[in-house]
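Trainee: Could we go through this structure together? I would like to ask about a few residues and how they are placed.
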Amino acid sequence: MLLTILFFIIVALIVVIGIKRNINFGLLGIIAALCIAMLVKGESATTAVTNNFPLSLFFNLFITTLFYGFANASGAMSGVAQRIVYKFRHHSALLPFVGYVTTVVVSAMGPGAMSTPIIVSALVFSLAIQAGYHPLLASLAVWSGTMVGDAVPWMSTWQTRRGTYQALLGDAYLPQIDHSLWLLLLWFAVVYTGIFIGAYFFFGAHKIKNKVIEVEKPQPFNRNQKLSIAVVVAVIVLLIVPQFVELIAPNPVTGWMKDNLSMQLLAAVGAAVLAFLQVANFNDVLKNHVPWGVIFTACGMMFLMKYADAMNVVTTLATPLATANLPLWLLPAALMVVNGVLTYFCDGRAISPMLQPLYPVFVALGCPVEDVFLNQMFGGTGPSLSPFSTGGAMALNGCPDELRDKTVRVQMLFPWVILAVTTILSVLGVFRLFTV
């Protein structure tokens with residue numbers, strides 16, 4: 001018990017020190033992991049790194065973000081967003097949905113959770129000002145659209161989540177983990193789109209009278225932007241089409257493509273092609289368009305989590321859960337609420353590692369992998385709309401000063417609505433549908 005308490009104190013200190021002193025959580029996690037390895041397990045630092053540092057996770061994150069970094073650097077993603085908005089400039093009542101769909105499309109084309117708000121936030125808030133709808137809808141469009149777009153299978157986030165659960169549960173659970181990722185995309189699209197539609201009517205955006213919005217006509221795509229989009233689309237097609245063909249009409253060709261054309265391989269080839277075509281400066285992409293901080297955080301904290309067993313975390317947490325006789329259907333919902341409350345005040349990427357030792361416990365007790373995964377993900381994403389959390393803060397990136405106070409006041413309350421809705425869905429058993 002003492003070691004377990006010490007472990008969570010270490011994690012809490014990492015979060016507090018990281019936030020207060022602006023130090024990457026991953027660096028602190030690596031230091032803590034090495035200390036535990038040497039002082040508790042008696043390993044050398046070299047052995048600890050060789051055996052437990054998540055190199056595969058590092059590679060997955062690096063190679064996919066490097067690939068999409070070329071599209072960001074060339075301006076292709078910004079061009080896509082501008083064209084969608086320009087197309088609907090005459091339909092102001094639909095502009096909240098235009099902002100939402102634009103964010104989904106841009107996010108799904110590669111920028112993901114860290115870069116998409118930077119690309120679209122100012123544009124979406126500009127629409128809110130000109131059309132006259134509540135600015136929370138702009139912030140909500142950027143936040144929820146980013147979440148949905150970032151959940152598609154060709155994103156680095158997909159690989160991160162898959163690698164994290166694979167490391168926690170083992171290779172035997174890979175079919176359920178892969179199934180969970182597809183269910184997450186489905187439920188993110190359904191739930192977050194539904195919440196956005198509800199907010200659209202609640203804040204009266206459907207009553208806006210149509211008027212022409214002043215949006216500058218986008219310049220034609222240049223050579224580098226066209227090449228970037230073509231390569232991104234080619235990678236997505238090569239990754240997704242064989243999987244769907246195999247479901248409908250299995251054959252040796254698409255079977256080989258499905259087994260061998262992984263996202264890691266396609267992203268590496270795509271990045272090499274874009275570098276060869278010189279759509280952007282390689283050093284600039286490497287320096288400014290690969291989210292090194294996010295990669296370092298994910299790998300450093302996962303390295304620390306490898307030593308949860310050495311601190312008796314799993315055993316300590318499993319014992320009371322196994323003897324409490326709580327209904328299994330309540331355990332994932334409880335995980336969501338705890339994760340959600342903490343995420344409201346802090347970055348979800350820092351909170352999730354604190355709770356990850358519980359995942360194998362819940363699965364061992366009989367909870368479906370998909371149910372645990374979905375509840376954890378909704379708990380770690382829904383309340384992140386809070387302006388105190390990274391997701392909400394980045395969604396406010398393009399909010400003008402005159403709207404910031406009005407937006408923040410409502411944005412402080414709305415995450416609790418999201419958490420309440422998703423918790424109710426969990427308790428009703430919605431997230432247990434389609435489990436295997």
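Mentor: Let us begin with Q411, which is buried, because its relative accessibility is 0%. Please keep in mind that this is a predicted model.

Trainee: In which helix is Q411 found?
Mentor: Q411 belongs to helix α22, which covers residues 401–411.

Trainee: What is Q411 in contact with, leaving aside its neighbours within four places in sequence?
Mentor: Q411 contacts L136, S139, L385, S386, P387, G392 and L396. With G392 there is also a polar approach: a polar atom of the Q411 side chain lies 3.2 Å from the backbone oxygen of G392.

Trainee: And G391, where is that found?
Mentor: G391 is in helix α21, residues 390–395.

Trainee: Is G391 buried or partly exposed?
Mentor: G391 has a relative accessible area of 21%, so it counts as partly exposed. The cut-off for buried is under 20%.

Trainee: Which residues does G391 touch, not counting those up to four places away in sequence?
Mentor: G391 touches W143 and S384.

Trainee: How far apart are G391 and F244 in space?
Mentor: Their C-alpha atoms are 32 Å apart, and 147 residues separate G391 from F244 in sequence.

Trainee: How are the two helices arranged? At what angle do the axes of α8 and α10 cross?
Mentor: The axes of α8 (residues 135–149) and α10 (residues 174–202) cross at roughly 170° and come within 9 Å. An angle over 145 degrees counts as roughly antiparallel, and α8 and α10 are therefore roughly antiparallel to each other.

Trainee: Turning to T103, where does that residue lie?
Mentor: T103 lies in helix α6, residues 95–108. Its relative accessible area is 0%, so T103 is buried.

Trainee: What does T103 touch, with residues up to four places away in sequence not counted?
Mentor: T103 touches T116, V120, V124, A141, V142, G145 and T146. Of these, A141 is also one of the α8 residues that meet α10.

Trainee: New topic: cysteines. How many disulfides does the structure hold?
Mentor: The structure holds zero disulfides.

Trainee: Finally, the backbone. What is phi of N22 near?
Mentor: Phi of N22 is near 55°, a positive value in a residue that is not glycine. Most residues other than glycine have a negative phi. N22 sits in the loop between α1 (2–21) and α2 (25–39) and is exposed, at 71% relative accessibility.

Trainee: What about Q278, where is that found?
Mentor: Q278 is in the loop between α13 (263–277) and α14 (282–288). Phi of Q278 is near 55°, also a positive value in a residue other than glycine. Q278 is exposed, with a relative accessible area of 60%.

Terms used. Residues numbered from 1 in each chain as written. Predicted model: local features only at pLDDT ≥ 70, side-chain atom pairs only at ≥ 80, totals over all residues. Heavy atoms only, no water. Axes fitted to C-alpha atoms, helices over the stretch in contact; angles between N-to-C directions. Helix = DSSP H or I, 4+ residues; strand = E, 2+ residues; numbered from the N terminus. Parallel < 35°, antiparallel > 145°, perpendicular 65-115°, else oblique. Contact = heavy atoms within 4.5 Å. Buried < 20%, exposed > 50% of the residue type's maximum accessible area, 1.4 Å probe, protein only. Polar contact = N/O pair within 3.5 Å; in protein donor to acceptor, adjacent residues only side chain to side chain. Disulfide = S-S within 2.5 Å.
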